[in-house]
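Dear colleague,

Please find below the structure that I am handing over to you. My notes on it follow directly after.

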Amino acid sequence: MIKKVILSACLLISFVSFAQQGTASPYSFFGIGDVRFKGTLENRSMAGVAVEQDTIHLNLENPASYASLIQTTFTVGGTFATSNLKTTSASEKAQRSTFDYLALGIPMGKFGASFGLIPVTSVGYKIRNDNSATEGATSSQLDGKGGVNKVYFGLSYKIMKDWNIGVDAQYNFGKITTTSVEAITGVQNGTAEVNTSELSGTAFSFGTMYQKKYTKRLVCFLV
């Protein structure tokens, strides 16, 4: 029963993550969009610090951490964000609830494994320059949506009591669609250009962690 629940949740959140517009920032116009993943809840709660070898939480920043798990760990995260967009003459507010990551970690003796889904970047903007009140003036509208996601599988090994090494294999994929519309006041038809980019590729990341207890109260982490 538990396996069915987890599988259903994975499929549902995966479907939603591809369909959602994860940002409302005009800066996502550039490149492949705004960077989405900034670490798990535990990392972000410590200002992005990700050097710990936690035994009950997943550290997705370093694959060497998986061998430190002592129990199967399932983690999922999301973000609710509000943006205030202002110009010299107008202001708008945008709100987004987005899925950030879904991952599973499995301890296997001296080994540890993890796999999951992470939205990496998001494109989501609508920029309008309206000069329709002036005869012969050009008005334009730029729209963009999409982003890049990745699925990963990682494996870690505990070389000795205090030292782990690990590797992540990642497959990145996504689709970005941009639309540009221009119209001239007084001219019946405008022009529109639609561009679609399909992105895919593989990547690998390697990591190591060394943890040494100097005293009963002081522990040193080296990454």
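Asparagine 62 counts as buried because its relative accessibility is 5%; buried means under 20% relative accessible area, exposed over 50%, and partly exposed in between, with a 1.4 Å probe and protein chains only. This asparagine 62 lies in the loop between α2 (41-45) and β2. Helices (H or I, at least four residues) and strands (E, at least two) are DSSP runs, numbered from the N terminus. The side chain of asparagine 62 reaches the backbone oxygen of threonine 208 at 3.4 Å, a polar contact being a pair of N or O atoms within 3.5 Å in which, within protein, one must be able to donate a hydrogen and the other to accept it, and residues adjacent in sequence count only if both atoms are side-chain atoms.

Please note that this is a predicted model, in which local features need pLDDT of at least 70 and side-chain atom pairs count only at pLDDT 80 or more, while totals for chains, interfaces and linings use all residues. Residues are numbered from 1 along each chain as its sequence is written, and side-chain values use heavy atoms, with hydrogens and water left out.

Turning to the aromatic residues, the count comes to five aromatic pairs; rings of Phe, Tyr and Trp (its six-membered ring) pair if their centres lie within 6.5 Å, and planes under 30 degrees apart count as stacked, over 60 as edge-to-face and the rest as tilted. One of these pairs joins phenylalanine 29 and phenylalanine 30 edge-to-face, at 5.3 Å centre to centre with 90 degrees between the planes. Phenylalanine 29 is partly exposed, at 40% relative accessible area, whereas phenylalanine 30 is exposed, at 55%. Another edge-to-face pair is formed by phenylalanine 37 and tyrosine 101, with 6.1 Å centre to centre and 80 degrees between the planes. Phenylalanine 37 lies in the loop between β1 (34-35) and α2, and tyrosine 101 in strand β3, so this pair ties together parts that are 64 residues apart in sequence. Both count as buried: phenylalanine 37 at 17% relative accessibility and tyrosine 101 at 4%.

Yours sincerely
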